[in-house]
Amino acid sequence: MVSRNCNNQGVWQDTNYTMCIKVAEEYSQCLSGFCRVCPDFLRDMVISVSLTLSIVSVILLVAAIILFSVFDSIQCRRLSIHKNLATAFVFRFAVLAIWTIVQSTNLFQDCTRFHPLPIWDLEWICKTILWFVIYFQVASVMWMLIEGAFLYSRFTVFAMRHSDAPWSLYLACGWGFPFVVVSAWTIVHQYKSSQLPNSFCWVPYAQGNHLWILTGTMGTAWIMNLIFLLMIVVILVQKLRTENSAESKKIWRTIKATLLLVPLLGVSNIPLFYEPEHPSSVYMLGSAILQHSQGIFIAVLYCFLNSEIQGALKRQLSKVPFEFFKSRNRFETERTYVPETRNATKNGVPMEELNGTKKIESENIESQEQANSSDKQIYSVPTIS
């Protein structure tokens, strides 16, 4: 029941709808408003899949970074690129998981009203999280481009050069260039969103012509990676015709990771280039799986299936003593046969004596030894006639 009073001047006052508020709070899961909607199985599944895959990706990537760093014998420029790629994806999925949690829990909205209102005092935190989500997404794509370019350079005339590009150039392309791109998008989007009424936290941020600042950069990187992949395949086919089988297997292991990761990178970025106005359940669930499982593929293909990492790990484990797992010496109580040439008084009792048999052979051995000692005396001590 809702009630309100009309005074003598014809003005409504003393509106009372507390009973409705109580009902709405008790059954909020079935009412639109108060930052809640009716139960949505698809939405809950997408959130659960995104969070689960993000957490698994972060765990596997952190383990990969540790393995990349602990072995000094395999450190090289290619491994340093792997570590930066894994680091970019770790921050990407960690920040993306934080963004998913704050969005699903309505952390930046006032839910005390039926129609939720944004908390403007926390808008800068919301924008900061969103900015890092976009930045690490662009950075991860740029490091994938560096992976493809570096791998292609190993198969071309650049591999014959004695000097490589300075490491600062790699860092500028992998971390600095994404910062410039995302900052440019931030300035334009802030200007566009300020002209919209009630625009909070740059939402919606995946709209407008200026979105091509981001999608154009990542799309160009993906197309270049695809070109690198095709050119590497051409070089591989040429080498397979001339090299022996062992060398061919080595070349194939070297480029196997890029063969699998570059198409995966392109497929997972499709939602950034085109997002339907009313996405279907297949689109939403497939996009969540492809976007959040990249870290798992990178950790498995670039680290756990890397022959160099496996070899270094085996060498390290071979140095660790596993005394606890070794079999202990067994103490036998069975009687053992003693050779008949042994001296029974020094080396033990013969089997025949333990069994109660005669000591004929042992007496013959003693008499023979006495004869030998007499012979030694005859030949070693001079006689006086």
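These legends describe close-up views of a predicted model.

**View 1. The largest nonpolar core.** This core holds 61 residues. Leu 61, Trp 99, Trp 143 and Leu 214 have the most contacts inside it. Seen by element, two or more residues each come from helix H2 (41-70), helix H3 (77-104), helix H4 (123-153), helix H5 (167-194), helix H6 (212-242), helix H10 (294-304) and helix H11 (307-318). H4 gives the most, with 19 residues.

**View 2. The surroundings of Trp 99.** Trp 99 is among the residues with the most contacts inside the largest nonpolar core.

**View 3. His 82 in helix H3.** His 82 sits in helix H3. Its relative accessibility is 5%, so His 82 counts as buried; the cut-off for buried is under 20%. Leaving out residues up to four places away in sequence, His 82 touches Phe 68, Glu 147 and Tyr 302.

**View 4. Confidence along the chain.** The chain has an average pLDDT of 75. At least 70 is reached by 69% of the residues. Confidence is highest in H5, at 91. Helix H12 (residues 344-347) has the lowest, at a mean of 47. Residues 342-348 have pLDDT below 50, and this stretch makes 4 contacts beyond near neighbours in sequence.

**View 5. Residues 373-385.** Here pLDDT stays under 50.

Key:
Residues numbered from 1 in each chain as written. Predicted model: local features only at pLDDT ≥ 70, side-chain atom pairs only at ≥ 80, totals over all residues. Heavy atoms only, no water. Core = buried A, V, L, I, M, F, W, Y, C linked by side-chain atoms within 4.5 Å. Buried < 20%, exposed > 50% of the residue type's maximum accessible area, 1.4 Å probe, protein only. Helix = DSSP H or I, 4+ residues; strand = E, 2+ residues; numbered from the N terminus. pLDDT = per-residue confidence, 0-100. Contact = heavy atoms within 4.5 Å.
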